[in-house]
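My entries follow in the order I made them.

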Amino acid sequence: ILTSSIDDETHTGSLRIRISPSPASASARIEIYQAVQSPFTISITDVLGRQYPLLSGQGSFGASIYPVDVSAYEPGSYVLQVSTDTALSTALFTIVR
């Protein structure tokens with residue numbers, strides 16, 4: 001199986017995100033770095049445009065890590081989206097079995 005990720009880490013001003021591993025099979029971890037403390041929402045979107053909310057919370061200044069169970073999602077390409085009051089970052093990742 002050959003898979004690749006175009007960009008599994010993005011930087012947008014005060015918000016930086018990273019998902020690893022990519023490709024993932026059962027679990028992944030989302031790393032969020034915020035330059036300012038702000039509430040955030042994490043979701044993923046599949047290639048058909050279906051959006052799956054994962055987590056919302058009060059972010060903290062600096063880096064935070066959130067484990068994610070991806071075992072229930074179909075194999076394929078997904079877009080991770082993290083949004084705050086002032087920023088939006090996306091990253092591509094792949095789920096394989």
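**Serine 64 and its surroundings**

I began with a polar contact: the side chains of serine 64 and serine 60 meet at 3.2 Å. I keep in mind that this is a predicted model. I placed serine 64 in strand β6, residues 62-69. Is serine 64 buried or exposed? Its relative accessibility is 13%, so I log serine 64 as buried, the cut-off being under 20%. Leaving out residues up to four places away in sequence, I found serine 64 touching Ile30, Glu31 and Ile32.

**Salt bridges**

Glutamate 31 came up again here. I looked up the salt bridges and got two in the structure. One joins arginine 29 to glutamate 31, with the closest N and O atoms 3.2 Å apart. Arginine 29 is partly exposed at 36% relative accessibility. Glutamate 31 is partly exposed too, with a relative accessible area of 24%.

Aspartate 46 and arginine 50 also form a salt bridge, and their closest N and O atoms lie 2.6 Å apart. I checked both ends. Aspartate 46 is buried, at 9% relative accessible area. Arginine 50 is partly exposed, at 44% relative accessibility.

**The four-stranded sheet**

Last, I traced an open sheet of four strands. I read the order as β5-β4-β7-β8, with antiparallel pairing. Its edge strands are β5 (51-58) and β8 (88-95), each pairing on one side only. Neighbouring strands are turned by 20° against each other on average, direction ignored.

How many bridges join β7 and β8? I noted eight, in the antiparallel sense, with β7 spanning residues 76-84. Valine 79 stands opposite leucine 92 of β8.

How values were computed. Residues are numbered from 1 along each chain as its sequence is written. This is a predicted model: local features need pLDDT of at least 70, side-chain atom pairs count only at pLDDT 80 or more; totals for chains, interfaces and linings use all residues. Side-chain values use heavy atoms; hydrogens and water are left out. Two strands pair if DSSP finds at least two bridges between them. Helices (H or I, at least four residues) and strands (E, at least two) are DSSP runs, numbered from the N terminus. Axes are lines fitted to C-alpha atoms, for helices over the stretch in contact, and angles run from 0 to 180 degrees between N-to-C directions. Buried means under 20% relative accessible area, exposed over 50%, partly exposed in between (1.4 Å probe, protein chains only). A polar contact is a pair of N or O atoms within 3.5 Å; within protein, one must be able to donate a hydrogen and the other to accept it, and residues adjacent in sequence count only if both atoms are side-chain atoms. Contact means heavy atoms within 4.5 Å. A salt bridge is a side-chain nitrogen of Lys or Arg within 4 Å of a carboxyl oxygen of Asp or Glu.
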